[in-house]
Amino acid sequence: MKYLTEYRDGEKAIRLADEIARLISQPWAIMEVCGGQTHSIIRNGIDQILPDQIEMIHGPGCPVCVTPLEVIDKALAIASRPEVIFCSFGDMLRVPGSQDDLFRIKGDGGDVRVVYSPLDAVRIARENPEKEVVFLAIGFETTAPANAMAVKVARDQNLCNFSALVSHVLVPPAIEAIMNSPGNRVNAFLAAGHVCCVTGFAAYPILCEKYKVPIVVTGFEPLDLLEGIRRTVSQLENGEAYVENAYPRVVSEQGNVAAQAVIDEVFEVTDRGWRGIGVIPHSGWRLTEAYRQFDAEIKFTVSDIQTCESTMCRAGDVLKGAIKPNECEAFGKECTPRNPLGATMVSGEGACAAYYNYGRFVQLDAK
Ligand code: SF4
(Lines give C-alpha, C1' and ligand atoms only; values in the text may rest on other atoms or scores of the structure.)
Protein backbone atom coordinates (compact mmCIF):
# COMPACT_ATOMS: atom_id res chain seq x y z
CA MET A 1 0.00 0.00 0.00
CA LYS A 2 1.69 3.18 -1.20
CA TYR A 3 2.69 5.60 1.57
CA LEU A 4 2.18 2.91 4.21
CA THR A 5 4.37 -0.09 3.44
CA GLU A 6 7.49 2.03 3.02
CA TYR A 7 6.97 3.29 6.57
CA ARG A 8 6.66 -0.27 7.92
CA ASP A 9 9.98 -1.65 6.69
CA GLY A 10 11.38 -3.93 9.41
CA GLU A 11 15.04 -3.67 8.37
CA LYS A 12 14.91 0.12 8.33
CA ALA A 13 13.21 0.03 11.72
CA ILE A 14 16.05 -2.00 13.20
CA ARG A 15 18.61 0.38 11.64
CA LEU A 16 16.83 3.37 13.19
CA ALA A 17 16.68 1.62 16.58
CA ASP A 18 20.44 0.92 16.31
CA GLU A 19 21.07 4.57 15.49
CA ILE A 20 19.07 5.61 18.56
CA ALA A 21 21.12 3.16 20.65
CA ARG A 22 24.36 4.77 19.39
CA LEU A 23 23.06 8.26 20.31
CA ILE A 24 21.91 7.48 23.83
CA SER A 25 24.09 7.76 26.94
CA GLN A 26 21.57 7.99 29.78
CA PRO A 27 17.91 7.19 30.59
CA TRP A 28 15.18 9.33 29.03
CA ALA A 29 11.39 9.25 29.39
CA ILE A 30 9.55 10.22 26.22
CA MET A 31 5.78 10.72 26.12
CA GLU A 32 3.83 10.02 22.96
CA VAL A 33 0.85 12.30 23.44
CA CYS A 34 -1.56 10.55 21.12
CA GLY A 35 -3.42 7.28 21.77
CA GLY A 36 -3.09 6.37 18.10
CA GLN A 37 0.68 6.53 18.50
CA THR A 38 0.42 4.41 21.67
CA HIS A 39 -1.41 1.70 19.75
CA SER A 40 1.15 1.78 16.95
CA ILE A 41 4.04 1.55 19.44
CA ILE A 42 2.53 -1.43 21.25
CA ARG A 43 1.17 -3.17 18.12
CA ASN A 44 4.53 -2.95 16.36
CA GLY A 45 6.65 -3.67 19.44
CA ILE A 46 8.57 -0.43 18.99
CA ASP A 47 9.16 -0.06 22.72
CA GLN A 48 10.70 -3.54 22.70
CA ILE A 49 13.38 -2.74 20.09
CA LEU A 50 14.40 0.54 21.68
CA PRO A 51 17.41 0.72 24.03
CA ASP A 52 16.58 -0.04 27.66
CA GLN A 53 17.39 3.56 28.63
CA ILE A 54 14.29 4.80 26.80
CA GLU A 55 10.94 4.61 28.55
CA MET A 56 7.91 5.40 26.42
CA ILE A 57 5.25 7.03 28.60
CA HIS A 58 1.75 6.87 27.18
CA GLY A 59 0.01 10.23 27.20
CA PRO A 60 -3.58 11.42 27.56
CA GLY A 61 -4.25 11.86 23.84
CA CYS A 62 -7.27 9.58 23.56
CA PRO A 63 -10.40 11.71 23.16
CA VAL A 64 -12.77 8.99 24.25
CA CYS A 65 -10.70 8.35 27.40
CA VAL A 66 -10.50 11.95 28.61
CA THR A 67 -14.12 12.95 27.99
CA PRO A 68 -15.32 13.74 31.53
CA LEU A 69 -17.65 11.31 33.26
CA GLU A 70 -20.03 14.21 33.79
CA VAL A 71 -20.32 14.69 30.02
CA ILE A 72 -20.94 10.95 29.50
CA ASP A 73 -23.67 11.04 32.15
CA LYS A 74 -25.20 14.11 30.50
CA ALA A 75 -25.13 12.29 27.16
CA LEU A 76 -26.91 9.34 28.75
CA ALA A 77 -29.56 11.59 30.31
CA ILE A 78 -30.21 13.37 27.01
CA ALA A 79 -30.21 10.14 24.98
CA SER A 80 -32.86 8.68 27.33
CA ARG A 81 -35.38 11.36 26.43
CA PRO A 82 -38.17 10.17 24.11
CA GLU A 83 -38.03 13.22 21.86
CA VAL A 84 -34.29 12.83 21.18
CA ILE A 85 -32.31 11.12 18.42
CA PHE A 86 -28.82 10.90 19.90
CA CYS A 87 -25.95 10.66 17.39
CA SER A 88 -22.40 9.65 18.21
CA PHE A 89 -19.31 8.06 16.76
CA GLY A 90 -19.38 4.32 17.53
CA ASP A 91 -16.47 4.29 19.96
CA MET A 92 -18.44 6.34 22.50
CA LEU A 93 -21.27 3.81 22.85
CA ARG A 94 -19.48 1.49 25.28
CA VAL A 95 -17.78 4.18 27.36
CA PRO A 96 -19.04 3.62 30.89
CA GLY A 97 -20.93 6.40 32.61
CA SER A 98 -21.72 6.30 36.32
CA GLN A 99 -24.46 3.70 35.83
CA ASP A 100 -24.95 2.99 32.14
CA ASP A 101 -23.52 3.38 28.67
CA LEU A 102 -25.13 4.47 25.42
CA PHE A 103 -25.50 0.85 24.26
CA ARG A 104 -27.70 0.12 27.24
CA ILE A 105 -29.75 3.25 26.59
CA LYS A 106 -30.19 2.03 23.00
CA GLY A 107 -31.11 -1.45 24.24
CA ASP A 108 -33.74 0.08 26.51
CA GLY A 109 -35.39 1.76 23.51
CA GLY A 110 -33.49 5.03 23.23
CA ASP A 111 -32.93 6.28 19.69
CA VAL A 112 -29.11 6.22 19.70
CA ARG A 113 -27.50 6.21 16.27
CA VAL A 114 -23.89 5.70 15.19
CA VAL A 115 -22.79 8.25 12.59
CA TYR A 116 -19.59 8.42 10.58
CA SER A 117 -19.60 12.19 10.16
CA PRO A 118 -21.10 15.04 12.17
CA LEU A 119 -22.84 16.10 8.97
CA ASP A 120 -24.79 12.82 9.10
CA ALA A 121 -26.35 14.11 12.32
CA VAL A 122 -27.26 17.37 10.58
CA ARG A 123 -28.95 15.35 7.81
CA ILE A 124 -30.87 13.30 10.39
CA ALA A 125 -32.08 16.56 11.96
CA ARG A 126 -33.24 17.79 8.55
CA GLU A 127 -35.10 14.51 7.92
CA ASN A 128 -36.74 14.42 11.36
CA PRO A 129 -38.08 17.90 12.10
CA GLU A 130 -40.39 16.58 14.83
CA LYS A 131 -37.38 15.24 16.80
CA GLU A 132 -34.49 16.85 18.67
CA VAL A 133 -31.21 15.59 17.19
CA VAL A 134 -28.15 15.80 19.44
CA PHE A 135 -24.57 15.10 18.31
CA LEU A 136 -21.88 14.18 20.84
CA ALA A 137 -19.06 16.48 19.70
CA ILE A 138 -15.92 15.31 21.46
CA GLY A 139 -12.27 15.07 20.55
CA PHE A 140 -9.02 16.93 20.17
CA GLU A 141 -8.16 19.51 17.54
CA THR A 142 -8.47 16.78 14.90
CA THR A 143 -12.25 16.37 15.08
CA ALA A 144 -13.00 20.02 15.80
CA PRO A 145 -13.15 21.27 12.17
CA ALA A 146 -15.82 18.75 11.13
CA ASN A 147 -17.77 19.27 14.35
CA ALA A 148 -17.61 23.05 13.95
CA MET A 149 -18.69 22.75 10.32
CA ALA A 150 -21.72 20.66 11.33
CA VAL A 151 -22.91 23.36 13.74
CA LYS A 152 -22.29 26.04 11.13
CA VAL A 153 -24.27 24.12 8.49
CA ALA A 154 -27.12 23.58 10.97
CA ARG A 155 -27.26 27.33 11.57
CA ASP A 156 -27.09 28.12 7.85
CA GLN A 157 -29.99 25.72 7.27
CA ASN A 158 -32.02 27.06 10.22
CA LEU A 159 -32.16 23.62 11.83
CA CYS A 160 -33.47 24.57 15.27
CA ASN A 161 -33.85 20.87 16.18
CA PHE A 162 -30.07 20.22 15.99
CA SER A 163 -27.68 20.68 18.90
CA ALA A 164 -24.25 19.48 19.98
CA LEU A 165 -23.02 18.25 23.34
CA VAL A 166 -19.52 19.68 23.11
CA SER A 167 -16.48 18.42 25.01
CA HIS A 168 -13.44 19.36 22.98
CA VAL A 169 -9.94 19.25 24.44
CA LEU A 170 -6.63 20.79 23.37
CA VAL A 171 -3.11 19.34 23.36
CA PRO A 172 -0.82 22.28 24.34
CA PRO A 173 -2.51 22.95 27.72
CA ALA A 174 -2.35 19.20 28.44
CA ILE A 175 1.42 19.22 27.83
CA GLU A 176 1.69 22.15 30.21
CA ALA A 177 -0.39 20.33 32.84
CA ILE A 178 1.81 17.22 32.53
CA MET A 179 4.99 19.27 32.94
CA ASN A 180 3.52 20.99 36.01
CA SER A 181 2.20 17.81 37.63
CA PRO A 182 3.96 16.58 40.80
CA GLY A 183 6.35 13.73 40.08
CA ASN A 184 6.45 14.41 36.36
CA ARG A 185 9.10 12.24 34.67
CA VAL A 186 8.63 13.30 31.04
CA ASN A 187 11.80 14.59 29.35
CA ALA A 188 10.38 15.08 25.85
CA PHE A 189 7.21 14.76 23.79
CA LEU A 190 6.23 13.24 20.48
CA ALA A 191 3.48 15.61 19.32
CA ALA A 192 0.55 14.11 17.44
CA GLY A 193 0.90 14.59 13.69
CA HIS A 194 -2.82 14.70 12.94
CA VAL A 195 -3.43 17.41 15.56
CA CYS A 196 -0.60 19.50 14.08
CA CYS A 197 -2.01 18.89 10.60
CA VAL A 198 -4.96 21.06 11.71
CA THR A 199 -3.28 23.52 14.07
CA GLY A 200 0.30 23.66 12.82
CA PHE A 201 2.87 23.81 15.59
CA ALA A 202 3.27 27.49 16.40
CA ALA A 203 1.95 26.84 19.94
CA TYR A 204 4.85 24.55 20.84
CA PRO A 205 8.07 26.64 20.85
CA ILE A 206 6.94 28.52 23.96
CA LEU A 207 6.46 25.18 25.75
CA CYS A 208 9.92 23.96 24.67
CA GLU A 209 11.40 27.19 25.97
CA LYS A 210 9.47 27.28 29.24
CA TYR A 211 9.97 23.62 30.24
CA LYS A 212 13.20 22.86 28.38
CA VAL A 213 11.59 19.89 26.62
CA PRO A 214 12.05 18.84 23.00
CA ILE A 215 8.77 18.45 21.12
CA VAL A 216 8.95 16.50 17.86
CA VAL A 217 5.89 16.39 15.57
CA THR A 218 5.57 12.72 14.69
CA GLY A 219 3.41 10.44 12.55
CA PHE A 220 1.92 7.05 13.27
CA GLU A 221 3.71 4.38 11.25
CA PRO A 222 6.66 2.51 12.81
CA LEU A 223 9.34 4.43 10.90
CA ASP A 224 7.59 7.73 11.64
CA LEU A 225 7.67 6.95 15.34
CA LEU A 226 11.27 5.75 15.35
CA GLU A 227 12.39 8.83 13.45
CA GLY A 228 10.51 11.03 15.94
CA ILE A 229 12.20 9.20 18.81
CA ARG A 230 15.62 9.46 17.11
CA ARG A 231 15.29 13.23 16.74
CA THR A 232 14.02 13.55 20.31
CA VAL A 233 16.96 11.58 21.72
CA SER A 234 19.39 13.60 19.61
CA GLN A 235 18.05 16.84 21.13
CA LEU A 236 18.08 15.43 24.66
CA GLU A 237 21.63 14.16 24.37
CA ASN A 238 22.77 17.55 22.99
CA GLY A 239 20.98 19.49 25.74
CA GLU A 240 18.64 21.10 23.22
CA ALA A 241 14.88 21.73 23.41
CA TYR A 242 13.08 22.95 20.33
CA VAL A 243 10.24 21.97 17.98
CA GLU A 244 11.05 19.69 15.09
CA ASN A 245 8.73 18.46 12.38
CA ALA A 246 9.40 14.78 11.67
CA TYR A 247 6.11 14.46 9.73
CA PRO A 248 6.54 17.00 6.91
CA ARG A 249 4.61 14.91 4.37
CA VAL A 250 1.46 15.82 6.33
CA VAL A 251 2.22 18.72 8.67
CA SER A 252 3.16 22.32 7.91
CA GLU A 253 4.02 24.99 10.46
CA GLN A 254 0.85 27.00 9.80
CA GLY A 255 -1.47 23.95 9.63
CA ASN A 256 -4.83 23.97 7.88
CA VAL A 257 -5.81 27.64 7.81
CA ALA A 258 -9.30 27.00 6.42
CA ALA A 259 -10.05 24.51 9.18
CA GLN A 260 -8.73 26.94 11.81
CA ALA A 261 -11.08 29.64 10.48
CA VAL A 262 -14.16 27.42 10.95
CA ILE A 263 -13.01 26.47 14.45
CA ASP A 264 -12.43 30.13 15.39
CA GLU A 265 -15.89 31.08 14.16
CA VAL A 266 -17.76 28.35 16.04
CA PHE A 267 -15.66 27.60 19.14
CA GLU A 268 -13.97 29.58 21.89
CA VAL A 269 -11.45 28.47 24.50
CA THR A 270 -12.74 27.41 27.90
CA ASP A 271 -11.55 25.52 30.98
CA ARG A 272 -12.24 21.81 30.53
CA GLY A 273 -12.35 18.80 32.85
CA TRP A 274 -10.37 15.75 31.71
CA ARG A 275 -11.54 12.35 32.93
CA GLY A 276 -9.10 10.99 35.49
CA ILE A 277 -7.03 14.18 35.46
CA GLY A 278 -9.31 17.04 36.50
CA VAL A 279 -9.84 20.55 35.20
CA ILE A 280 -7.07 21.98 33.04
CA PRO A 281 -7.35 25.76 32.49
CA HIS A 282 -7.98 26.88 28.90
CA SER A 283 -7.79 23.28 27.69
CA GLY A 284 -11.04 23.00 25.75
CA TRP A 285 -13.41 24.55 23.29
CA ARG A 286 -17.09 25.41 23.71
CA LEU A 287 -19.56 27.03 21.34
CA THR A 288 -19.25 30.80 20.94
CA GLU A 289 -22.11 33.10 21.88
CA ALA A 290 -23.23 33.26 18.25
CA TYR A 291 -23.74 29.47 18.23
CA ARG A 292 -24.90 28.99 21.84
CA GLN A 293 -28.45 28.14 20.66
CA PHE A 294 -26.97 24.84 19.40
CA ASP A 295 -25.53 23.94 22.80
CA ALA A 296 -27.28 20.77 24.04
CA GLU A 297 -26.26 21.52 27.64
CA ILE A 298 -28.29 24.71 27.47
CA LYS A 299 -31.18 23.24 25.47
CA PHE A 300 -31.64 20.31 27.86
CA THR A 301 -31.66 20.58 31.64
CA VAL A 302 -28.88 18.21 32.63
CA SER A 303 -26.99 20.31 35.15
CA ASP A 304 -27.79 18.29 38.30
CA ILE A 305 -25.68 15.26 37.31
CA GLN A 306 -24.05 13.34 40.20
CA THR A 307 -21.15 11.25 38.91
CA CYS A 308 -19.77 8.04 40.37
CA GLU A 309 -16.44 6.72 39.03
CA SER A 310 -15.31 3.08 39.50
CA THR A 311 -13.15 2.85 42.63
CA MET A 312 -10.97 0.16 41.00
CA CYS A 313 -10.15 2.07 37.82
CA ARG A 314 -6.75 3.81 37.68
CA ALA A 315 -7.28 5.36 34.26
CA GLY A 316 -6.26 8.75 35.63
CA ASP A 317 -2.83 7.36 36.57
CA VAL A 318 -2.57 5.69 33.16
CA LEU A 319 -3.47 8.91 31.35
CA LYS A 320 -0.90 10.89 33.35
CA GLY A 321 1.77 8.27 32.60
CA ALA A 322 2.16 7.45 36.31
CA ILE A 323 1.53 3.71 35.73
CA LYS A 324 1.42 1.35 32.77
CA PRO A 325 -2.01 -0.24 32.14
CA ASN A 326 -0.86 -3.69 33.25
CA GLU A 327 0.07 -2.24 36.64
CA CYS A 328 -3.63 -1.68 37.37
CA GLU A 329 -4.90 -4.56 39.52
CA ALA A 330 -8.12 -4.84 37.53
CA PHE A 331 -6.32 -5.12 34.15
CA GLY A 332 -7.38 -8.28 32.32
CA LYS A 333 -9.38 -9.46 35.35
CA GLU A 334 -12.36 -7.33 36.37
CA CYS A 335 -11.60 -5.01 33.42
CA THR A 336 -11.48 -6.25 29.83
CA PRO A 337 -12.64 -4.77 26.52
CA ARG A 338 -15.86 -6.81 26.87
CA ASN A 339 -16.43 -5.53 30.39
CA PRO A 340 -14.54 -2.23 30.67
CA LEU A 341 -14.36 -0.38 33.97
CA GLY A 342 -12.75 2.68 32.41
CA ALA A 343 -12.74 4.48 29.09
CA THR A 344 -9.07 3.63 28.47
CA MET A 345 -10.13 -0.03 28.05
CA VAL A 346 -12.92 0.87 25.60
CA SER A 347 -11.45 3.19 23.08
CA GLY A 348 -9.60 2.19 19.95
CA GLU A 349 -6.96 4.68 21.13
CA GLY A 350 -7.00 3.78 24.83
CA ALA A 351 -3.74 2.61 26.40
CA CYS A 352 -5.41 -0.16 28.44
CA ALA A 353 -7.07 -1.55 25.30
CA ALA A 354 -3.71 -1.44 23.49
CA TYR A 355 -2.01 -3.44 26.24
CA TYR A 356 -4.89 -5.94 26.35
CA ASN A 357 -5.29 -6.36 22.59
CA TYR A 358 -1.56 -6.85 21.99
CA GLY A 359 -0.97 -9.21 24.90
CA ARG A 360 1.00 -6.98 27.27
CA PHE A 361 -0.23 -8.72 30.37
CA VAL A 362 2.98 -8.43 32.37
CA GLN A 363 5.37 -5.61 32.99
CA LEU A 364 8.59 -5.91 31.00
CA ASP A 365 11.57 -5.99 33.40
CA ALA A 366 13.74 -4.08 30.97
CA LYS A 367 11.48 -1.05 30.59
S1 SF4 B 1 -7.25 -1.64 33.21
FE2 SF4 B 1 -9.43 -1.01 33.34
S3 SF4 B 1 -9.72 -0.51 35.50
FE4 SF4 B 1 -7.52 -0.48 35.11
S5 SF4 B 1 -7.01 1.63 34.58
FE6 SF4 B 1 -7.40 0.55 32.65
S7 SF4 B 1 -9.59 0.95 32.25
FE8 SF4 B 1 -9.26 1.42 34.44
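These notebook entries record what I looked up in one predicted model.

**Ground rules**

I worked with a predicted model, in which local features need pLDDT of at least 70, side-chain atom pairs count only at pLDDT 80 or more, and totals for chains, interfaces and linings use all residues. Residues are numbered from 1 along each chain as its sequence is written, and side-chain values use heavy atoms, with hydrogens and water left out.

**Entry 1: the largest pocket**

I began with the largest pocket, which holds about 350 Å³ of space. A pocket is defined on a 1 Å grid over the protein atoms alone, as an open set of points where a 1.4 Å probe fits, with protein on both sides within 12 Å along at least five of seven lines; lining residues have an atom within 4 Å of a point. The volume is the space filled by probe spheres set on the points, which are joined across faces, edges and corners.

I noted 23 lining residues, and Ala177, Ile178, Asn180, Ser181 and Lys320 lie nearest the centre. At least two residues each come from β2 (54-61), α9 (171-180) and β11 (278-287). Helices (H or I, at least four residues) and strands (E, at least two) are DSSP runs, numbered from the N terminus. The most is given by α9, with six residues.

By class, I recorded 15 nonpolar, five polar and three charged residues in this lining. Ala, Val, Leu, Ile, Met, Phe, Trp, Tyr, Cys and Pro count as nonpolar, Asp, Glu, Lys and Arg as charged, and the others, Gly among them, as polar.

Where does the largest pocket lie? Domain 1 (5-59 + 173-245) and domain 2 (65-170 + 260-299) both give residues to its lining, so the pocket lies between them. The domain bounds come from an automatic or database domain assignment.

**Entry 2: the second largest pocket**

I next found about 270 Å³ of space in the second largest pocket. Its lining has 15 residues, with Val166, Thr270, Asp271, Arg272 and Glu297 closest to the centre. Two or more residues are given by each of α5 (69-79), β10 (267-274) and β11, and β10 gives the most, with four. I recorded five nonpolar, two polar and eight charged residues here.

**Entry 3: helix α5**

Why is α5 described as largely enclosed by the rest of the structure? Nine of its eleven residues are buried, so the helix is largely enclosed. Buried means under 20% relative accessible area, exposed over 50%, and partly exposed in between (1.4 Å probe, protein chains only). Among the buried residues are Leu69, Asp73 and Lys74. I saw that the buried residues pack against elements including β3 (84-88), β6 (162-169) and α14 (296-299); contact means heavy atoms within 4.5 Å.

I followed β11 to its neighbours. β10 and β11 run antiparallel and are joined by seven bridges, and Arg272 has Ile280 in β11 as its bridge partner. Their hairpin has three residues between the strands, and Gly276 takes a positive phi near 80° there. β6 also pairs with β11 in the antiparallel sense, over two bridges; strands pair if DSSP finds at least two bridges between them. Val169 stands opposite Gly284 in β11.

**Entry 4: two single residues**

Is Thr218 buried or exposed? Thr218 is buried, at a relative accessible area of 0%, and belongs to strand β8 (residues 215-218). Not counting residues up to four places away in sequence, Thr218 touches several residues, among them Gln37, Leu190 and Tyr247.

Ala261, in helix α13 (residues 257-266), counts as partly exposed because its relative accessibility is 45%.
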